[in-house]
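Have the structure open as you read.

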Amino acid sequence: MAMSPTDPTAHERLYRSLRSQIMLGELPPGKALTLRGIARDHNLSMTPAREAVRRLVAEGALTLSGSGRVATPALSDDRIEELAALRALIEPELAARALPRAHFALIDRLAVMNGRIADAVERHDAVGYIRCNLDFHRMLYLRAQAPAMLAMLETIWLQLGPTMRALYGRVRRNEPPRHHRMILAALRAGDEPALRLAVRADVTHGLRHLTSTEGA
């Protein structure tokens, strides 16, 4: 049954749709949005559009100016470095907490996901690359059983989404992230120090390009 524009869950569906678009970089940095345009594009009234935008602004996924202009974040170098530092703190810790529960079946699934990342690179599919890369990390971190930490991390990913899409356009990739192979090897060996180093290197290597004028 189709959902009517006044359905009380309409704003939740819209929120999740917009959140996914932003996290996956389907919207560029600094993209201006209007409540009217969002409501029109999703065949909804202004009320669910307003509520969804309010939640995304609270998460830092959208910005709201004093004049009421809504846009995706266009991050400064300082802000990127701050978010990168947070990732470098949180993600190695999540990986280390996941390690005792990282059974071989999980590692095999991670290897398959890494293959999908390679396929996205070969197709020059930026959104597919970002989606598979996040799924790779999320699949591992879910085993940490640390929901508050993972929720904090997803908020950071959300704020970085549009900028990560811009990064993909600057950095010409021809292979999946090499640090993923190091992560898989550390998981197979049960080597926590190596896993922490590999995850930290994976996070900082990519984000370093965001504040570089040269790319790679």
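## α1 against α3

Start with helix α1 (residues 10–23) and helix α3 (residues 46–58): their axes come within 8 Å and cross at roughly 45°. That angle makes α1 oblique to α3, and the crossing is right-handed. Keep in mind that this is a predicted model.

Who's touching whom? On the α1 side you'll find A10, H11, E12, L14, Y15, L18, R19 and I22, and they meet P48, A49, E51, A52, R55 and L56 of α3. Sorted by class, the residues in this contact come out as nine nonpolar, one polar and four charged.

## A charge over a ring

R55 lies over the face of Y15, at 3.7 Å from the ring centre.

## α5 against α6

Next up are helix α5 (residues 104–123) and helix α6 (residues 126–141), which pack at an angle of about 165° with their axes 8 Å apart. So α5 runs roughly antiparallel to α6, and their crossing is left-handed.

From α5, the contact draws on L106, R109, L110, M113, N114, R116, I117, A120 and V121. The α6 side brings in G128, Y129, C132, N133, D135, F136, M139 and L140. How do the residues of this contact split by class? Eleven are nonpolar, three polar and three charged.

Note on methods: Residues numbered from 1 in each chain as written. Predicted model: local features only at pLDDT ≥ 70, side-chain atom pairs only at ≥ 80, totals over all residues. Heavy atoms only, no water. Lys NZ or Arg CZ within 6 Å of the ring centre and 35° of its normal. Axes fitted to C-alpha atoms, helices over the stretch in contact; angles between N-to-C directions. Helix = DSSP H or I, 4+ residues; strand = E, 2+ residues; numbered from the N terminus. Parallel < 35°, antiparallel > 145°, perpendicular 65-115°, else oblique. Left-handed = near helix turned anticlockwise from the far one by under 90°. Contact = heavy atoms within 4.5 Å. Nonpolar A, V, L, I, M, F, W, Y, C, P; charged D, E, K, R; others polar.
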